[in-house]
Amino acid sequence: MASISKAEKAFIQSSLLSDPPLRADSRGLIDFRTIALESGVAPIANGSARVSIGRNAQDGGGGTEVVAAAKLEVESVGDGEGADGGRVACSVSCSPTAYPLLSPNALDDLQHDMTSALNATLSHPTIRPTNLGIIPGKKSWLLNLDIIVFSDAGNIFDAIFMAARAALWDTKVPITKSVQYRAKKGETQAMDVDTDETALVGSALDTRQAIQVADFELPDYWDEGEPLDGRQAWPVCLTLNLLPTLHFLDATLQEEASVPLKLLVFYSFPSDATPLLRGMRLLGTGVSDLTQVKSLLKDGEKYARNVWVALEGKLKDEDFRRNQKARERFLNR
């Protein structure tokens, strides 16, 4: 987070409010800096991605850089926090080098705010993938989505949600195969399986029925599994930086420090369906009225769609590249 003087703040505001508006890097008010995206950056994760905004093309330095990784683990339903059908848990961690001026307590607060925005949006049951269940009522997948902020040169929330969506798009859920174990008549019921008492079918005293338990195994496939269901539901974030008479996108740190208020809108665009506003947040010390917010939501939907379309095209290219490499690796092993 940048710390600027009152004179610098006044100069940036007057430049943005001038006719035509002026920005230090000569961009227009709704122009983004260069965005780079790469998926599959964490080999041990089920899905991962790196996003950078505004990185220097000459030396690769500067800019906002975020890495997201999704990891699946098996949970027992009804034992602890496991949920039938699976669940998603998100967290954001910030490298101390990304915010060298913040105290440890302030850094913890920042991480909490980022995690809260991400988790409240992506963990909502309405967009939970339908293929996170393994054995109904017994086993399910917990999808842990971990975000690491390595550097922040402005527009961090947009970068976090781009990386999150790219990592979830890249995530493959292992294909599971149900396995049944039966105890024949006259045999003991002792079986070395991961189960519980509720897995037993029928009464242990009923000798007319075979006692069975259910578990699962992972067949060997070249593509490491299937994509998450409902990939179109994962939203993007669009940050509108607000001044009294205008708004602008993709703010640098200095520009963020000079505006009193910013509006975060989370949109998804399902195929052949009405755009969905998944959530919104106002950040800052400024104030805004309902009429202004309604107008900003219309503009935010338009800008978010542009981000969505560009990101969707890049993700499909990355998907093809990753699947081709996975197929070659499977055939050559």
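User: Why is Phe269 called buried?

Analyst: Buried means under 20% relative accessible area, exposed means over 50%, and partly exposed is in between (1.4 Å probe, protein chains only). Phe269 has a relative accessibility of 5%, so Phe269 counts as buried. This is a predicted model: local features need pLDDT of at least 70, side-chain atom pairs count only at pLDDT 80 or more, and totals for chains, interfaces and linings use all residues. Residues are numbered from 1 along each chain as its sequence is written, and side-chain values use heavy atoms, with hydrogens and water left out.

User: What makes Tyr267 buried?

Analyst: Its relative accessible area is 4%, which is under the cut-off, so Tyr267 is buried.

User: Why are the rings of Tyr267 and Phe269 called a stacked pair?

Analyst: Rings of Phe, Tyr and Trp (its six-membered ring) pair if their centres lie within 6.5 Å; planes under 30 degrees apart count as stacked, over 60 as edge-to-face and the rest as tilted. The centres of Tyr267 and Phe269 are 6.0 Å apart and the planes are at 20°, so the pair is stacked. Together with Trp308, these two residues form one aromatic cluster.

User: How do you know that a charge sits over the face of Trp308?

Analyst: The definition asks for NZ of Lys or CZ of Arg within 6 Å of the ring centre and within 35 degrees of the ring normal. Arg165 lies over the face of Trp308 at 3.8 Å from the ring centre. Arg231 lies over the face of Trp169, also at 3.8 Å from the ring centre.

User: How many aromatic pairs does the structure hold?

Analyst: There are three. One of them joins Phe161 and Phe266, with 4.8 Å centre to centre and 25° between the planes, so this pair is stacked. The two residues are 105 apart in the chain: Phe161 is in helix α3 (residues 156-170) and Phe266 in strand β13 (residues 261-268). Helices (H or I, at least four residues) and strands (E, at least two) are DSSP runs, numbered from the N terminus.

User: Are Phe161 and Phe266 buried or exposed?

Analyst: Phe161 is buried at 1% relative accessibility, and Phe266 is buried at 2%.

User: Why is strand β2 described as largely enclosed?

Analyst: Six of the seven residues of β2 (residues 47-53) are buried, so the strand is largely enclosed by the rest of the structure.

User: What makes β1 and β2 a pair of strands?

Analyst: Two strands pair if DSSP finds at least two bridges between them. Strand β1 (residues 35-39) and β2 have five bridges and run antiparallel, so they pair.
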